[in-house]
Amino acid sequence: IDFGYQQVPKQEKQKRVAEVFHSVADKYDVMNDLMSLGIHRIWKKITIEYSGVRRGQTVLDLAGGTGDLTAKFSQLVGDDGLVVLADINESMLRVGRDKLRDKGLFKNIEYVQANAEALPFADNTFDCITISFGLRNVTNKDQALRSMWRVLKPGGRLLILEFSKPEYKLLSKAYDLYSFTMLPLMGKLVANDSESYRYLAESIRMHPDQPKLKQMMEDAKFKDVQYHNLTGGIVALHIGFKF
Ligand code: SAM
């Protein structure tokens with residue numbers, strides 16, 4: 001019974017996630033700015049600050065999509081470093097690669113189509129891994145966290161930027177209202193795709209809250225795990241180390 005129960009939703013979720021990101025890829029950046037009122041740029045800037053990434057390092061921007069973090073890391077690591085933008089979805093990878101090339105960023109960036117649950121890299125490869133607004137789309141999050149731990153170098157750090165649980169009841173209510181009405185409406189008006197944006201709102205609600213995600217990281221052997229609530233916990237940045 002277990003077998004049937006776990007198999008069907010897993011395949012369906014993967015299919016659904018693939019459809020959503022194929023469908024939104026071309027409008028992803030403009031929708032991101034609209035829906036977050038531009039605040040995602042601040043959340044990403046904070047992530048970069050906590051990453052501690054330096055010249056010459058090797059960074060994995062996992063579920064990197066259209067490459068906002070990759071662009072910043074590419075400048076930080078310089079010509080003797082490397083940034084790998086990995087994503088499961090070829091449409092998102094294509095939009096990301098075109099955008100970064102248009103910005104003149106190509107020397108130290110590689111693109112890899114990969115599933116976070118089974119990363120195609122050797123053990124101990126990266127100084128830093130980021131996964132920004134990606135983990136909630138991954139079906140088997142525990143497996144993905146173990147895979148990230150494996151490819152991280154000892155001393156390296158993982159940063160997970162993701163929607164989380166608002167700290168205050170009123171904020172939580174307002175946010176629910178916003179995400180279940182405004183997101184699908186904006187999706188309909190701008191991208192002519194309310195379904196994908198309804199999925200987005202649902203996936204945010206289903207994602208583990210701050211303490212639960214911290215526990216999941218610890219279970220995957222990450223050490224010194226901490227989190228920072230951003231914008232009242234609408235988003236949280238979790239950080240953990242491999243020792
Ligand atoms: N990191 C980018 C950002 O912060 O703007 C993009 C985030 S976008 C909301 C989520 C990305 O996760 C999509 O590009 C999607 O294709 C990718 N994704 C979903 N499931 C994945 C998986 N199992 N492995 C790798 N990437 C995945």
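Let's begin with the sheet: seven strands make an open, mixed sheet in the order β3-β2-β1-β4-β5-β7-β6. Strands here are DSSP runs of E with at least two residues, helices are runs of H or I with at least four, and both are numbered from the N terminus; two strands pair if DSSP finds at least two bridges between them. At the edges stand β3 (109-113) and β6 (223-230), and each has a single partner strand, so one side of each lacks a neighbour in the sheet.

A word on the model: it is predicted, with local features needing pLDDT of at least 70 and side-chain atom pairs counting only at pLDDT 80 or more, while totals for chains, interfaces and linings use all residues. Residues are numbered from 1 along each chain as its sequence is written.

Now look at β5 (residues 152-163), which pairs with β7 (residues 235-241) in the antiparallel sense over seven bridges. In this pair, I160 stands opposite H238.

UniProt, in an unreviewed entry, places a "binding site" at T66, D87, N115, A116 and S132; such positions follow the numbering used here, feature names are shortened, and annotations may be inferred rather than shown by experiment. D87 sits in strand β2 (residues 82-87) and counts as buried because it has 25 C-beta neighbours inside 10 Å. The cut-offs are 20 or more other C-beta atoms within 10 Å for buried, 12 or fewer for exposed, and partly exposed in between, with C-beta atoms placed from the backbone. S132, in strand β4 (residues 126-132), is also buried, with 22 such atoms within 10 Å.

Finally, visit Q143 in helix α6 (residues 141-151). Q143 is partly exposed because 15 other C-beta atoms lie within 10 Å.
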